[in-house]
Amino acid sequence: MKVTIDGQEIEVEAGTTILQAARMIGGESVPPAMCYYSKLKGSGGKCRCCLVEVAKGSDADPRPMPKLMASCVTGCMDGMEINSKNSDRVREARESVTEFLLINHPLDCPVCDQAGECDLQNLSFEHGKSKTRFIEEKRTFEPEDIGPNIQLHMNRCILCQRCVQVADQLTDNRVHGVMDRGDHANISTCISKAIDNEFSGNMIDVCPVGALTDKTFRFKSRVWFNKPYNAHRECTTPGCCGKTTVWMFGNEIQRVTGRKDEYHEVEEFICNSCRFDHKEVSDWVIEGPREFEKDSVINQNNYTQKLETVNINTEEGILKGRLEDRKKISMNEIDYDEKIDGEKLNSDK
Ligand code: SF4
Ligand code: FES
């Protein structure tokens, strides 16, 4: 069936969601997603970041949908017409959702390990406001130690429930998610139960904010100072692909993560042994620099990007600089009679 998103038509299979169709088109029409995660069953429908406007329901029933729809959980219909980046209503809704998510989220990006690869940071950059209307106190939680590998910072959690789904779908015991309700909602018990499992580290990768970070990497470096390389090893943990991204600072592997695509989602999940216990270069077969599909702070000036538009002209630049230096050093062009506010520049006063 055919759907049109921001004027771009695409053919999709029945059962495809609007978000998936938008990702097939790519570019700026792709709605942001904080809770949907393509590798986790049943994810989505919680954060409302991915709202879109359905201007035409389908060929069979062309009426527009009155409310904005969450694109990650709304299926495409034949002849559907959708507005994403082209709609003022959508832009306004994304701004409001961003403002809502930031109500309780601490603005501690300068000290947060997720900075540089945080989905909320990117969302705020695109849709955030520079002022807050929130005058109440932010919600805070007591720090909770959930083991040697994962740092839980509940104050930063946006309750997307991706980590709950990792616990549910990748670990042995079914664990439940959000404890308490409303302002008190938190997910601590679920994580405490799940941390012993060999795949619990994947919660770090799926967390869109800095609520779950890697204790073995904590405060070691800003992510943009690390160089990411694709690497693999013969992993014996059942279910682990052994294919990772190792983040290096010089010759030191500071962090190991799953390989993430342009939507910041891992290609395959990895075990805790690969993630936390193998930090020696000799543990890995390094395949080469990791290519980033999406622009972000961590791939600025990355040499794996295409550089056709960059024209440095080093020789010309140096010679021009020398000429200007000579002029300044010789002081030939200084006007000693120049006046500032009626006073001579070289007056004795
Ligand atoms: S800890 Fe992270 S992954 Fe889990 S619900 Fe909170 S924001 Fe989502
Ligand atoms: S990504 Fe669709 S509601 Fe969160």
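Two strands pair if DSSP finds at least two bridges between them, and strands themselves are DSSP runs of E with at least two residues, numbered from the N terminus, as are helices (H or I, at least four residues). This is a predicted model, in which local features need pLDDT of at least 70, side-chain atom pairs count only at pLDDT 80 or more, and totals for chains, interfaces and linings use all residues. Residues are numbered from 1 along each chain as its sequence is written, while chains are lettered from A and ligands numbered from 1 in the order in which they are written.

**Exercise 1.** Find how β9 pairs with strand β10 and with strand β8.

*Solution.* Start with β10 (residues 252-257): β9 pairs with β10 in the antiparallel sense, over five bridges. One position to look up is Phe-249, whose bridge partner in β10 is Glu-252. Two residues lie between the strands of this hairpin, and Gly-250 has a positive phi near 65 degrees there. Next, turn to β8 (residues 227-232), which runs antiparallel to β9 (residues 243-249) and is joined to β9 by six bridges. Here Asn-230 has Thr-245 of β9 as its bridge partner.

**Exercise 2.** Describe the packing of helices α2 and α3.

*Solution.* First take the angle: α2 (residues 88-101) and α3 (residues 119-127) pack at about 135 degrees, with axes 9 Å apart. Axes are lines fitted to C-alpha atoms, for helices over the stretch in contact, and angles run from 0 to 180 degrees between N-to-C directions. The angle therefore makes α2 oblique to α3; angles under 35 degrees count as roughly parallel, over 145 as roughly antiparallel, 65 to 115 as roughly perpendicular and the rest as oblique.
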